[in-house]
Amino acid sequence: MIGKGILKGMVETARNLTGSFHDPDRLTTVEYPEQKIPAKESARNFPFLIYDGDDWETGLRCVSCQICEKECPPQCIYIEKDKEKKPDFLGKMQMQPKIFDIDVSVCMGCQICVEVCPFESIRMDNDFEYAGSDRFKSLLLTKDQLAKSNNYYHSIHPTEAQETDEIRVQKRKDHLAKEKAKAEKLAKAKKEAASKAALSKAEKAKEE
Ligand code: SF4
Ligand code: SF4
């Protein structure tokens, strides 16, 4: 019966209307922008660049490898390398970006840049308030606007940020183990060369 379905729908609407005054589960709208619904942990919008420590310029993780720029499907990342290098978290001298821009009017939030970055430098933000009156100036985000701290990353995506930190701890451990093995190999080679030299010196002395 058609009337029964309409009646059921009207009852549900009335329940939502009255419930929205006292039941938080039925509050489907808020008075934005004065009120905001906190973003879910999985929410993502546009990318940002992570930095470690307090200084965004020295702490920026990006090494300007340009992989994300090449892989971005709509080509909305623009990078220019700096001539100066700086040490990364392992102490290795690395390139850094002089310019790093993302045109968020073109970005489609696909996250490919995040997936291809080998340095855990770029991650997805959940900020969506980018509205502005100038299409070019307000939507072309520059390096200083894209740089956000690792603490910020932890505040928006705690699980993912924790996993990222663990990857970096592991990388540091692997690097230290490699360096130790290299130093041991070098010391062993030096020791062998010294004993060889001593042996040949002794043989020469015997011949004389
Ligand atoms: S999220 Fe996708 S479209 Fe946006 S910058 Fe990254 S790769 Fe490009
Ligand atoms: S964000 Fe990552 S992939 Fe992109 S240039 Fe920097 S280090 Fe390379």
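This briefing covers the overall shape, the domains and the ligand surroundings of one protein model. The model is predicted, with local features needing pLDDT of at least 70, side-chain atom pairs counting only at pLDDT 80 or more, and totals for chains, interfaces and linings using all residues. Residues are numbered from 1 along each chain as its sequence is written, while chains are lettered from A and ligands numbered from 1 in the order in which they are written.

**Overall shape**
- The protein has 8 helices and 8 strands, taken as DSSP runs (helices H or I, at least four residues; strands E, at least two).
- Its radius of gyration is 29 Å, well over the 17 Å of the globule rule for 208 residues, so the protein is more spread out than a compact globule; the radius is taken over C-alpha atoms, and the rule is 2.2 Å times the number of residues to the power 0.38.
- The C-alpha trace spans about 120 × 40 × 35 Å along its principal axes.

**Domains**
- Domain 1 covers 1–37 and domain 2 covers 47–166, with bounds from an automatic or database domain assignment.
- Their C-alpha centres lie 40 Å apart.

**Ligand surroundings**
- Ligand 1 is surrounded by 14 residues, the closest being Cys72, Cys107, Cys110, Ile112 and Cys113; a residue is near if its C-beta atom, placed from the backbone, lies within 6 Å.
- The shell of ligand 1 holds 12 nonpolar, 2 polar and no charged residues, where Ala, Val, Leu, Ile, Met, Phe, Trp, Tyr, Cys and Pro count as nonpolar, Asp, Glu, Lys and Arg as charged, and the others, Gly among them, as polar.
- The residues around ligand 2 include Cys62, Cys65, Cys68 and Cys117.
- The shell of ligand 2 divides into 9 nonpolar, 3 polar and no charged residues.
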